[in-house]
Amino acid sequence: MKKVIVLVLFVLMFHSGWAQSEFKTYSNGLIYDTTTMYHLGVIVDSLNLKFNTCDLNRPYYSFLQGSAHYIKIPNKTAKKLLQSGISFKEYEAKYPLSVKKKSMYVIQYTYSNYKGEPMLEYSGLPGSAGPEIRLSNTGSNNKSSGWVMNSNDAFFLNELSSSILPERFARLVQYVDCMIDTTSQIYFPDARGRTYQLVEDGSAADKFIKWGHDYPRRPARPEYDEDTPEKYDSLWSIYTNQYRRRDSLRLVALDDKFKNSSFRQAQLLQAWNEAIETGNSDETLEFYVARYLSKDKALYLKRSRRVIGGCSMDDRPRIHATQICMLAAETYQWDVFLRSHLDIMNDRFDRVSDGSYAWEGRKTYLKELEELGINVTDLLLGTCLRVRNVSDSHYFGSIGRVGRAIAETSNHDDVKSMIYSVIKDEEVDIFNRVLFAYLFLNYNRNLVDAEMRAEAVKEVKTIIKDLPDELKVVLDSGN
């Protein structure tokens with residue numbers, strides 16, 4: 001318990017100001033230094049060249065979707081009738097009050113659950129009222145017409161269908177797969193997730209860390225006084241500055257001691273081997289491994305463990321992801337880097353809770369991608385298109401978080417033009433058009449410039465009159 005308390009204090013001390021400055025920025029104004037950006041830029045140039053010279057080698061298909069009737073199953077007798085394959089008209093005649101919606105737009109999703117089992121979900125468009133019916137992906141459940149049901153709810157499907165995504169938008173999906181290798185993942189399959197992870201007492205790692213932290217003149221942590229809370233912030237600032245100065249001196253001395261101690265060199269290597277075999281690792285050990293053994297070895301350890309946030313204000317999962325980004329960039333592991341950076345952008349992490357009040361301090365770091373020469377508009381909007389014939393490892397972005405990120409772009413005209421194009425295009429399935437309507441609302445809501453927000457609303461009003469009702473409802477809600 002004592003070690004956990006120490007870790008919490010460490011996190012609070014070094015990250016309590018995260019809302020103002022979440023991560024360290026370098027002289028280039030970015031969270032990755034100039035050398036790292038150069039190495040990444042070389043890789044991007046190669047990938048862009050590869051993408052520009054390749055043809056679209058396959059069509060991308062939308063999820064099955066279309067109209068349905070929604071039933072609230074009233075009793076066991078009614079359910080038996082549904083299971084027997086009764087027609088909708090016959091059922092409605094017997095149980096008219098259980099028909100909750102005569103016309104509802106439904107999408108069929110395919111996914112794998114936490115056990116890796118193939119699953120199906122039938123549900124309405126985003127923002128619509130209605131159930132989510134989740135079933136195992138078997139032949140009897142995977143259908144485009146007829147009844148699908150769970151214990152309480154049922155849909156009568158009226159010939160759900162799939163359409164081909166127009167090529168101009170399919171290229172965006174292809175760009176995502178070109179930039180983000182679908183065969184790669186950030187974490188290894190057996191990576192363990194923990195809220196607080198510290199090396200075991202008495203282990204080689206623990207002994208090395210205690211040796212490395214043994215340095216005089218540790219400043220005294222100030223005590224909080226409820227009678228004078230205004231003084232505490234000032235005292236805490238002084239304390240953290242003293243701690244950082246001492247830590248810098250400690251590392252200088254430690255570098256020299258480690259270089260001249262074959263015993264400590266062997267001990268750290270033993271700690272790394274121990275971590276590989278048993279998972280006995282934490283952020284401090286990984287820092288020393290990166291500093292004294294190799295960045296490849298440190299990255300391996302970081303990819304072997306997931307950090308789960310203790311609450312929505314806990315930024316350690318994002319810090320862990322940023323450390324993975326840095327190490328992946330410095331060791332030229334592009335796919336690990338980009339997936340991890342996009343996870344930071346999408347705030348895609350495990351937390352005990354994820355309250356919206358904690359989002360403000362989390363930056364999107366769009367500028368880093370733009371500076372690398374990535375076609376950010378195509379990449380991020382491509383992650384927002386939903387198609388069913390891609391790898392399970394295809395990167396899908398969060399509509400809300402991507403909307404926030406693209407609000408920081410330097411290419412607003414390109415972003416808006418592409419979003420409007422998807423919304424207006426009658427060849428695009430309704431589901432994707434609705435998603436891009438929500439993407440527009442999230443983008444516009446996060447624009448800092450009030451005049452730009454007002455102009456975007458005017459632009460949308462010029463196209464809304466010709467849109468299907470499903471899209472008018474969404475876009476009207478943002479006015």
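Modeller: A residue counts as exposed when its relative accessible area is over 50%, and as buried when that area is under 20%. Keep those cut-offs in mind. This is a predicted model.

Biologist: What makes arginine 217 buried or exposed?

Modeller: Its relative accessible area is 59%. The cut-off for exposed is over 50%, so arginine 217 is exposed. Arginine 217 sits in the loop between helix H6 (204-213) and helix H7 (229-259).

Biologist: What is the phi of arginine 217?

Modeller: Near 65°, which is positive, and the residue is not glycine. Most residues other than glycine have a negative phi. Glutamate 159 is another such case, with a positive phi near 60°. Glutamate 159 lies in the loop between strand S6 (153-157) and helix H5.

Biologist: How do you know whether glutamate 159 counts as buried or exposed?

Modeller: Its relative accessibility is 55%. Exposed needs over 50%, so glutamate 159 counts as exposed.

Biologist: And arginine 339: why is it called buried?

Modeller: Its relative accessible area is 4%. Buried means under 20%, so arginine 339 is buried. Arginine 339 belongs to helix H12.

Biologist: What does arginine 339 touch?

Modeller: Leaving out residues up to four places away in sequence, its contacts include Ile180, Asp181, Thr182, Ser184, Gln185 and Ser393. Take serine 184. It is 155 residues from arginine 339 along the chain, yet their C-alpha atoms are 9.0 Å apart.

Biologist: How do you know that the length of H12 agrees with its number of residues?

Modeller: At 1.5 Å a residue, its 13 residues should span 18 Å. The expected span takes one less than the number of residues. The end C-alpha atoms are 18 Å apart, so the two values agree.

Biologist: What makes H12 "mostly covered"?

Modeller: Twelve of its 13 residues are buried. Among them are Trp334, Phe337, His341 and Asp343. The buried residues of H12 pack against helix H2 (34-52), helix H5 (167-179), H11, helix H13 (366-371), helix H14 (376-384) and helix H15 (399-406). Just after H12, aspartate 347 has a positive phi of about 50°.

Biologist: Turn to H10. Why do you say its buried residues line one face of the helix?

Modeller: In H10 (residues 295-302), the buried residues are Ala298, Leu299, Leu301 and Lys302. Seen down the helix axis, they fall within an arc of 160°, so they line one face. In general, an α-helix has 3.6 residues a turn, so residues three or four places apart point the same way. The buried residues of H10 pack against helix H8 (262-278), helix H9 (283-292), S8 and H11.

Biologist: Which residues lie nearest the centre of the second largest pocket?

Modeller: Gln185, Arg348, Asp392, Ser393 and His394, out of 39 lining residues. The volume of this pocket is about 1,400 Å³. Elements that give two or more residues to the lining include strand S3 (118-124), H11 (316-330) and H12 (334-346). S2 gives the most, with four residues.

Biologist: What is the lining of the second largest pocket by class?

Modeller: It has 19 nonpolar, eleven polar and nine charged residues.

Biologist: Last, the protein chain. How many helices and strands are there?

Modeller: The chain has 19 helices and eight strands. Of its 479 residues, 48% are buried. Among contacts between residues at least 6 apart in sequence, 70% join residues at least 24 apart.

Notes: Residues numbered from 1 in each chain as written. Predicted model: local features only at pLDDT ≥ 70, side-chain atom pairs only at ≥ 80, totals over all residues. Heavy atoms only, no water. 1 Å grid on protein atoms, 1.4 Å probe; cavity = no way out; pocket = protein on both sides within 12 Å on 5 of 7 lines; lining within 4 Å. Points joined across faces, edges and corners; volume = space filled by probe spheres on them. Nonpolar A, V, L, I, M, F, W, Y, C, P; charged D, E, K, R; others polar. Buried < 20%, exposed > 50% of the residue type's maximum accessible area, 1.4 Å probe, protein only. Arc of directions from axis to C-beta. Contact = heavy atoms within 4.5 Å.
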